[in-house]
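Please open the model in a viewer and keep the selection panel at hand.

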Amino acid sequence: MKLTICHLYPDLMNTYGDRGNIITLHRRAAWRGIEVEVVPVSVGESPDFGTFDLVFFGGGQDKEQRIVCQDLVATKKGPLVDAIEDGLVVLAVCGGYQLLGEYYRTRAGEELPGIGALDIRTEAGNERFIGNVVIEPHLSLGGVRTMVGFENHSGRTYLGNGVRPLGRVIVGHGNNGRDGSEGCVYKNVFGTYLHGPLLPKNPHFADYLIHKALDRKHGEVELPPLDDGLELRAHRAAIARAKRT
Amino acid sequence: MRVWLAIVVGKICAFASRFLKRGGGSSLPGALARRIEPRILIRLFEKAAMTSIIITGSNGKTTTARMVAEVLNRNGLRIVWNRSGANMVNGIISALIERCDIWGSLVADVAVLEVDEANLRHVIAAVKPKLVLVTNCFRDQLDRYGEVDTTLELIRVALKDAPAGSTLLLNADDPLVAGLAPGGGCKTLFYGVESLDSAPGYAPEVDTSEYRPQDARNCPCCGAYYEYSLTTYGHLGKYRCPRCFSSRPVPDFRATNVVVQGVHGSVFTVAFEHDPEDDFIEASLGLPGLYNVYNCLAAVACCLVLDIPKKVIEEGIAKSTSAFGRMETIRIGEKNVLLALVKNPVGFNEVIQTIASDGSRKTLVVCLNDNFADGRDISWIWDVDMERLSRHPSLIHSIIASGTRAEDMALRLKYTGIGEEKIDVEPGLDRALELGLGKLAPGETLYVLPTYTAMLEIREHIRRRSHAKEFWRA
């Protein structure tokens with residue numbers, strides 16, 4: 001069995017430790033004897049998204065996001081939207097999440113177009129949301145009922161009717177600091193503001209994604225359990241820290 | 001009168017905090033003095049007829065300031081500097097109050113100030129420096145700044161207030177820093193590394209993967225990817241934009257024949273002016289790592305701008321020792337502790353690169369705190385090429401994860417594939433240190449890699465248990 005992961009713009013959208021998600025997917029699949037290939041895809045490339053089992057799209061700075069925004073619309077929009085409609089598993093974080101939506105409106109009022117795969121709209125806010133986050137996901141992830149991470153964004157994202165939230169904010173700001181929602185889910189696309197290394201401390205969510213990605217190609221796949229003692233210890237410690245700071 | 005009161009209160013506070021052994025009192029006196037007289041920094045400099053040098057940037061501030069101070073001291077100049085690395089406004093005021101008399105007169109010829117990027121504007125406006133040095137700009141404390149570009153913008157805005165006739169000294173090899181050249185009333189000079197070499201047996205591994213932390217991939221003018229004919233570390237090197245042809249400025253101070261000798265240090269030549277036949281300095285540096293070559297080059301350039309004789313610079317550099325907690329070796333009984341501050345991905349990578357270079361088997365303590373001064377967000381540890389530690393299975397004997405986010409660090413280490421049996425989790429820093437020391441044979445070295453507040457805590461623990469010098473005097 002093989003898991004092919006596409007890492008979108010690893011060279012530009014990697015500001016907050018996003019590489020941790022790729023490392024985690026890679027290791028957790030490999031520890032179960034699954035062969036893993038990570039395909040970096042960046043500016044000017046138009047791959048066949050049908051060949052990937054899972055796409056990861058991380059966050060970057062405004063400057064890099066502009067370059068990515070142009071390239072995404074020019075070289076990848078059509079095939080990526082089609083693949084998403086077809087059920088491709090995508091994890092998009094922060095800037096990547098915003099770019100899959102309709103647009104990002106800057107404080108100056110300029111609208112940077114996204115690819116419109118997600119029914120979401122983002123507007124720049126005055127204050128940046130920075131801090132530890134704990135959410136309760138609306139997904140059945142097994143025993144652990146929380147997800148933990150860190151957010152650092154000035155965008156306020158509002159969800160349309162076509163998508164549902166990924167979870168409910170317990171600590172932090174989430175999508176917009178107002179409606180208590182965090183991230184979004186559409187088909188097999190998962191968008192979130194929990195930037196950087198989301199998956200190491202949320203091994204249940206990492207396995208959920210691996211599972212979904214493999215199921216598409218191979219039917220019901222059984223993932224043998226791993227010893228997640230350290231992962232869950234870090235998860236609990238992060239919750240404790242988030243509630244204290 | 002208010003100035004007088006502020007100084008007296010500051011001095012009493014510094015004395016009290018030292019008497020009560022509550023750390024070095026490196027910021028609190030300044031904070032109190034500023035409450036009494038908000039313009040205390042300006043007042044202190046108004047009275048003093050001294051030259052000021054400001055050093056800022058992500059990495060290398062403390063070490064560079066220390067080298068500059070060493071050389072100036074050797075040249076007979078009386079200096080005042082914030083030696084303990086407390087580089088926000090309060091820390092700087094504390095350092096000055098310690099040195100002035102109660103009337104606010106500073107008996108010093110030169111102030112060497114390392115300044116945090118966010119405090120730079122305030123300090124430049126108050127002290128009117130003769131020279132401002134910007135070392136580099138890497139992703140660092142993004143929970144405070146949001147983005148690297150925000151940090152850069154803070155520096156850019158602050159430099160606009162640099163007085164006419166001052167000199168701006170910039171790292172030519174960092175495209176972000178070189179792009180700060182203002183072309184206003186101040187003179188801009190550049191320094192850079194021309195060529196690299198390695199001593200036999202020392203094998204640097206240049207990380208060229210697309211995952212390496214890279215904060216300046218694209219030309220700011222046209223967005224094209226930079227091309228590098230030489231990468232030294234991080235995004236530093238000889239870069240050029242293939243589309244609009246903007247490129248690294250030709251440095252005025254050039255490090256050539258650089259031979260990095262692993263943990264032992266480096267030797268190189270600094271050429272300057274237009275006659276390389278005559279104008280050069282031989283640097284023999286005892287501090288390890290390529291990043292210290294940059295620190296040294298910057299310090300040499302600084303001293304040359306101040307017209308310090310070449311011979312004095314060479315001697316001062318040769319005698320330079322590690323700044324507090326930066327690759328500092330401390331002897332504890334029959335064992336050694338090497339303390340190497342790690343605070344951002346590029347710096348951490350260079351520390352790993354340097355300590356791994358001799359290939360011997362090591363016991364490590366990695367301490368990750370997430371207090372304000374460390375950065376609340378610890379995501380950056382996933383940007384560090386920790387995999388380097390697992391690539392050579394014989395390199396790590398044992399590794400202890402510690403600090404307020406010990407579990408996060410342990411997890412990062414686990415995902416390098418290093419093997420969970422080699423990893424201990426011990427959040428308490430003093431217990432982690434003792435655990436590490438217990439794993440050593442006599443004569444061996446414990447490598448301790450702490451973030452900033454963890455470093456202060458560990459240093460205090462070592463001081464209590466042995467005879468390490470108090471850090472504010474080191």
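**First stop: a loop serine**

Select B:Ser166, which lies in the loop between α8 (148-159) and β5 (167-171) of chain B; helices (H or I, at least four residues) and strands (E, at least two) are DSSP runs, numbered from the N terminus. The model is predicted, so local features need pLDDT of at least 70 and side-chain atom pairs count only at pLDDT 80 or more, whereas totals for chains, interfaces and linings use all residues. Residues are numbered from 1 along each chain as its sequence is written, chains are lettered from A and ligands numbered from 1 in the order in which they are written, and side-chain values use heavy atoms, with hydrogens and water left out.

Is B:Ser166 buried or exposed? With a relative accessibility of 4%, B:Ser166 counts as buried (under 20% relative accessible area, 1.4 Å probe, protein chains only). Next, display its side chain, which reaches the backbone oxygen of B:Pro163 at 2.5 Å. Leaving aside residues up to four places away in sequence, B:Ser166 touches B:Pro129, B:Lys130, B:Cys186 and B:Lys187 (contact: heavy atoms within 4.5 Å).

**Second stop: the two domains of chain B**

Colour domain 1 (2-318) and domain 2 (326-465) of chain B separately; such bounds come from an automatic or database domain assignment. The centres of these domains, taken over C-alpha atoms, are separated by 26 Å. In chain B, 30 residues of domain 1 are in contact with 28 residues of domain 2.

Now select B:Arg139 and B:Asp383, which form a salt bridge with the closest N and O atoms 2.8 Å apart (a side-chain nitrogen of Lys or Arg within 4 Å of a carboxyl oxygen of Asp or Glu). Across this domain interface the rule finds 1 salt bridge. On the side of domain 1 of chain B that touches domain 2 of chain B, α4 (61-74), α7 (142-145) and α10 (290-305) each supply at least two residues. The largest share of that side, 3 residues, comes from α4(B).

Show both chains: 39 residues of chain B are in contact with 45 residues of chain A. The count between chain B and chain A is 6 salt bridges. Select B:Asp385 and A:Arg19, whose side chains meet in a salt bridge at 3.8 Å, N to O. Finally, highlight α7, α8 and α14 (406-414) of chain B, each of which supplies at least two residues of the side that touches chain A. The largest share of that side, 6 residues, comes from α14(B).

Notes:
Buried < 20%, exposed > 50% of the residue type's maximum accessible area, 1.4 Å probe, protein only. Polar contact = N/O pair within 3.5 Å; in protein donor to acceptor, adjacent residues only side chain to side chain.
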